[in-house]
Amino acid sequence: MLKFIKHHLDTIAGIEVFPIISFIIFFTFFLVVAAYVFKQRREYFDQMGLMPLDENQPSNQ
Amino acid sequence: MEKEIFRYDNSIVRKFAYATMAFGIIGMLVGLTAALQMVDPMFNFLTSWLTFGRIRPLHTNAVIFAFVGNGIFMGVYYSLQRLLKTRMWSDLLSNINFWGWQLIILSAVATLPFGITTGKEYAELEWFIDIAIALIWVVFGLNMFMTILNRRERHLYVAIWFYIATFVTVAMLHIVNSFELPVSLFKSYSWYAGVQDALVQWWYGHNAVAFFLTTPYLGLMYYFIPKASNRPVYSYRLSIVHFWALIFIYIWAGPHHLLYSSLPDWAQNLGVVFSFMLIAPSWGGMLNGLLTLRGAWDRVRESAVLKFMVVAVTAYGMSTFEGPMLSLKNVNAISHFTDWTVAHVHIGGLGWNGFMTFGILYFLVPKLWRTKLYSDKLANFHFWIGTLGILFYALPMYWAGFTQSLMWKEFTQEGFLAYPNFLETVTQIKPMYAARAFGGFIYIIGVVAMLYNLIMTMKQGEFQKEEEASAAPLAKEEPAHAGEGWHRVIERRPVQMLVFSLVAVAIGGIIEIVPTMLIESNVPTIASVKPYTPLELEGRDIYIREGCYNCHSQMIRPFRSETERYGEYSKAGEFVYDHPFQWGSKRTGPDLHRVGGKYPDSWHYNHMWDPSAMSPGTIMPSYPWLFENALNTDLTAKKISAMKTLGVPYDEGYEEIALNDLNAQAEQIAANLKKDNIEVVPQTEIVALIAYLQRLGTDIKVKDSQAAMVNQ
């Protein structure tokens, strides 16, 4: 009876690689974002963080 | 550069604020009615349209799409204009967005209580409303995008990224999940069947939590907490990582709603791993919100707005810790189908969404009406009674969840179920249901206090329809400076941001969904699994109409405690003709997948007439209208044709003779009932429902008995 719930996707070639692919995609992306974030200058982030507060003074010009 | 003068549109914010308040109280009152029915079903007042199975979807839809939905629009329309230093692009689109959304809500109110439903949890609205939702959502997106393109602020603040991700992902989820084949104006069948339908549905369902209840509110958090506390967000750096990690991971987590079900193992495991990883970005965001208030805690003591927001973010932290824990297989084995899940979602709903919305309302109303809050004392009262309400709601539900699960799984020393009668596990937790209703009740008292407070605030102030502001127009964009990061570039480019977000969420969707589409050819077909007979199909539609899936699952997990209680565990191949699937997510009553043949027809007849006669102490309502209503067979032929279109192998031309089979089977059931001295007109709804219930899960039994015969 167990055969009914087990292994019914085994016939799709290489299905076991899907979770690994997804993990690699995500992790690489995460590293890229993290690397970028730590490379940026602090002043830039400080300036961005102030955006909701000084509504009448555009910070970007 | 010369400054331009422009005006923010406050009246659209006001409209959405009114709608948020109105639908908040309505949705919660419906919830309270549903909660009272779980103490005593008499609170449906013996009407069909107030029974639990019909108003529970009304409650979830009202609270999610009406209360939180209007709350999202309120917050977005307020913050977007100010963060971009421009008015909304089109007042007309803003108003179409508003009135269209309210019309959708009203059509939900006009359909769900009358049993017009697709039978898919959190996506119950019928096909024509689904189309309207898609259209209005696009109007919202278009208005938002054109506003972004016409902005006077070069950089997009992180809140806006969350709004963009919300827009694209909800559009994608809603469209994919809503593929359905209309049979008539008020009836459609899901395009997908069984396992496939379940996976698409929970991919949608989970991400509705992620992208309707979470990301837009995180955007609001990133705007309104700094605003209310008058200090910048703790770490803007962290907010970037938070955003990308959150939207990237969230989209994968759906299968954790289907652990130990007939879903393939690899998809279940994928769901578990990504759900667990979700702790990191969720807590990153929560800490970012809370730490924004570092050094300003004295202000929290004085400001009701900040109090509500602090509890909201804390509730977010609690439920995003609990969520990943619940998606671990060993925890899920205990929690799933119990009230633990209900407690979990209400920490999120009452705490995170509710309190954040209240905080924003207490912030916005005095601002828009240019006055002070009418009564700080009353707001504090609301805060405390609301917090108590959450506790009184959640704690009994946790207790009930643990208790019931342990009782389901307990065996005697001899190896028998300690509580073989499911009802014992229900009557045990009835006091908890009463306590929960009390918690919900006092939470609503708080909301009423808020309404009074806000109305009085509006009365003493003067509403400012338009708010003047000035800013220089955007200079023509200079080319990216050397050494400037790619991310800084896309932060200025909304279209790229949209595309990036869509790619991030689509990868998860595609990898998860596409292989499942292939399942169709890979689910081992079980030869004895046959399409439903016309009468059973009609009975199934009654089952869907009455919302039976709100309390009964059709998914027996492969645990000894479940196979002992219900019978053979459920196989993927058994659901191939189920458009839509009816696995359910909560067992307020027992699982029904193997109920077919378990009792005589007369038992079901008597039970549906008066459940407490068959099971004293039950909280199942009675269904007298099923005995009065004649079975409507006008659509039977069309339904069979629709099923054929969806791939169910009825014979060529079967729809034309389907009614003969339907009548013959109904006569048969009537004859069975007559043996037990029950006189019934064969063409009543109860007969069709009995036919369906008696069919459930029997296909495999047929096979077993045939195999046994062969062996003899």
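In which loop of chain B is B:P580 found?

The model is predicted: local features need pLDDT of at least 70, side-chain atom pairs count only at pLDDT 80 or more, and totals for chains, interfaces and linings use all residues. Residues are numbered from 1 along each chain as its sequence is written, while chains are lettered from A and ligands numbered from 1 in the order in which they are written.

**Figure 1. Overall build of chain B.** Chain B has 27 helices and four strands; these are DSSP runs numbered from the N terminus (helices H or I, at least four residues; strands E, at least two). The C-alpha trace of chain B spans about 90 × 50 × 50 Å along its principal axes. For 712 residues a compact globule would have a radius of gyration near 27 Å, and the 27 Å of chain B agrees with this; the radius is taken over C-alpha atoms, and the globule rule is 2.2 Å times the number of residues to the power 0.38. Of the 712 residues in chain B, 54% are buried. A residue is buried if 20 or more other C-beta atoms lie within 10 Å of its own, exposed if 12 or fewer, and partly exposed in between, with C-beta atoms placed from the backbone. Among contacts in chain B between residues at least 6 apart in sequence, 84% join residues at least 24 apart; a contact requires C-beta atoms, placed from the backbone, within 7 Å.

Figure 2. B:P580 is found in the loop between helix 20 (560–566) and helix 21 of chain B. The peptide bond leading from B:H579 to B:P580 is cis, with omega near -10°.

**Figure 3. Helix 21 against helix 25 in chain B.** The axes of helix 21 (residues 601–609) and helix 25 (residues 654–675) of chain B come within 8 Å and cross at roughly 85°. Axes are lines fitted to C-alpha atoms, for helices over the stretch in contact, and angles run from 0 to 180 degrees between N-to-C directions. The two helices of chain B are therefore roughly perpendicular to each other (65 to 115 degrees; under 35 counts as roughly parallel, over 145 as roughly antiparallel and the rest as oblique). B:D601, B:S602 and B:Y605 of helix 21 meet B:I669, B:N672 and B:L673 of helix 25. The residues of this contact divide into three nonpolar, two polar and one charged. Ala, Val, Leu, Ile, Met, Phe, Trp, Tyr, Cys and Pro count as nonpolar, Asp, Glu, Lys and Arg as charged, and the others, Gly among them, as polar.

Figure 4. B:F45, in the loop between helix 1 (11–37) and helix 2 (52–84) of chain B, has a positive phi of about 50° although it is not a glycine. B:F45 is exposed, with 11 other C-beta atoms within 10 Å. B:L46 lies in the loop between helix 1 and helix 2 of chain B, and its phi is near 60°. B:L46 counts as partly exposed, with 13 C-beta neighbours inside 10 Å.

**Figure 5. Helix 1 of chain A beside helix 8 of chain B.** Helix 1 (residues 17–39) of chain A and helix 8 (residues 265–277) of chain B pack at an angle of about 25°, with their axes 9 Å apart. Helix 1 of chain A and helix 8 of chain B are therefore roughly parallel to each other.

Conventions
Two residues are in contact if their C-beta atoms, placed from the backbone, lie within 7 Å.
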